[in-house]
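Student: I have a structure to study and some questions about it. Can we go through them together?

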Amino acid sequence: MPHNIHRIGGAQVGNLRLKQQEMKLQVPGISVNLSEDAESALLEARKAFKDAIWLQTHPMPMASTSIELIRAAGFDMIHVPSRRLPNHARIIHPSGIDGFSDENLEKLALAFRETTLENP
Amino acid sequence: MTDTIQLLDRNGNMIASCPVEERDDRFRGEIQADSLPRAVRAVFDEFEEIVNGQIFSLLDEVEDKITSLGIRARFSDGLTVEAKDLQMYPKDGVFSFSTASVPMAVPS
């Protein structure tokens, strides 16, 4: 199964937690990118935000997974393209905010495989 | 090549004056964000938080707020244009924008 869902910054639980603003979304969730590979995902973000120092930093940990593995971990995903990021998607949980407990996020973290990108 | 531009709010008031250089079809510069009007600073604080926090679900919303600020750039030769796709990171003190193929001012 293709690992075409990517989270910038890696799969540590700390990088998968909901931010305060994401908790207020109609469907709470964290941002991911739908791309053929992690390099393409990171490149899209870097091109969109060329002045974001965080994004331009090398090396960049990336976490990649598939929709099947996300669902096996109890989560789901919706495609929510934005004007600047057409491949933007959101990992969500059937229980909403409550689904993003650290216990559940530890299961989600196991669904990802991590790579470190030097300079795509 | 660099130029010094003034950023103007929708009422034509100067909100910042900064040197910029043109690179990759964008004008980039450094800015002392503490001198920005509070309302303007707040929008870009939000933008920076969204980008740096990877909270991209809120990106369209904050970019609409940026557009609504109606910020323009006045170059040293007096040319004033819309500062399109204005991105500013107040904590990092950097910003950039694009224009519709406005060439850098040629020194006389």
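Student: Which residues do ring pairs link into a cluster?

Tutor: First, a word on the model. It is predicted: local features need pLDDT of at least 70, side-chain atom pairs count only at pLDDT 80 or more, and totals for chains, interfaces and linings use all residues. Residues are numbered from 1 along each chain as its sequence is written, chains are lettered from A and ligands numbered from 1 in the order in which they are written, and side-chain values use heavy atoms, with hydrogens and water left out. Rings of Phe, Tyr and Trp (its six-membered ring) pair if their centres lie within 6.5 Å; planes under 30 degrees apart are stacked, over 60 edge-to-face, the rest tilted. The cluster linked by such pairs is F49(A), F47(B), F56(B) and Y89(B).

Student: How many aromatic pairs does the structure hold over all chains?

Tutor: Count ring pairs over all chains. The total is eight.

Student: Is the pair of F49(A) and F56(B) stacked or edge-to-face?

Tutor: F49(A) sits in the loop between α2 and α3 of chain A, and F56(B) in the loop between α1 and α2 of chain B, so this pair joins two chains. Here helices (H or I, at least four residues) and strands (E, at least two) are DSSP runs, numbered from the N terminus. The ring centres are 5.6 Å apart, with 15° between the planes, and the pair is stacked.

Student: Is F49(A) buried or exposed?

Tutor: Buried means under 20% relative accessible area, exposed over 50%, and partly exposed in between (1.4 Å probe, protein chains only). F56(B) has 5% and counts as buried. F49(A) has 0%, so the word for F49(A) is buried.

Student: How many salt bridges are there over all chains?

Tutor: A salt bridge is a side-chain nitrogen of Lys or Arg within 4 Å of a carboxyl oxygen of Asp or Glu. By this rule, the count over all chains is 12.

Student: Why does the salt bridge of R28(B) and D51(A) join two chains?

Tutor: The closest N and O atoms of R28(B) and D51(A) are 2.8 Å apart. R28(B) lies in strand β3 (residues 26-30) of chain B. D51(A) lies in the loop between α2 (38-48) and α3 (53-56), so the partner chain is chain A.

Student: Is D64(B), which bridges to R83(A), buried or partly exposed?

Tutor: The closest N and O atoms in this salt bridge are 2.8 Å apart. The pair crosses between chains, from helix α2 (residues 59-68) of chain B to the loop between β4 (76-79) and β5 (88-92) of chain A. R83(A) is exposed at 53%. D64(B) has a relative accessible area of 40%, so D64(B) is partly exposed.

Student: What separates D45(B) and R41(B) along their helix?

Tutor: D45(B) and R41(B) form a salt bridge, with the closest N and O atoms 2.8 Å apart. D45(B) is partly exposed at 23%, and R41(B) is buried at 18%. They are four residues apart in helix α1 (residues 38-52) of chain B, so the separation is about one helical turn.
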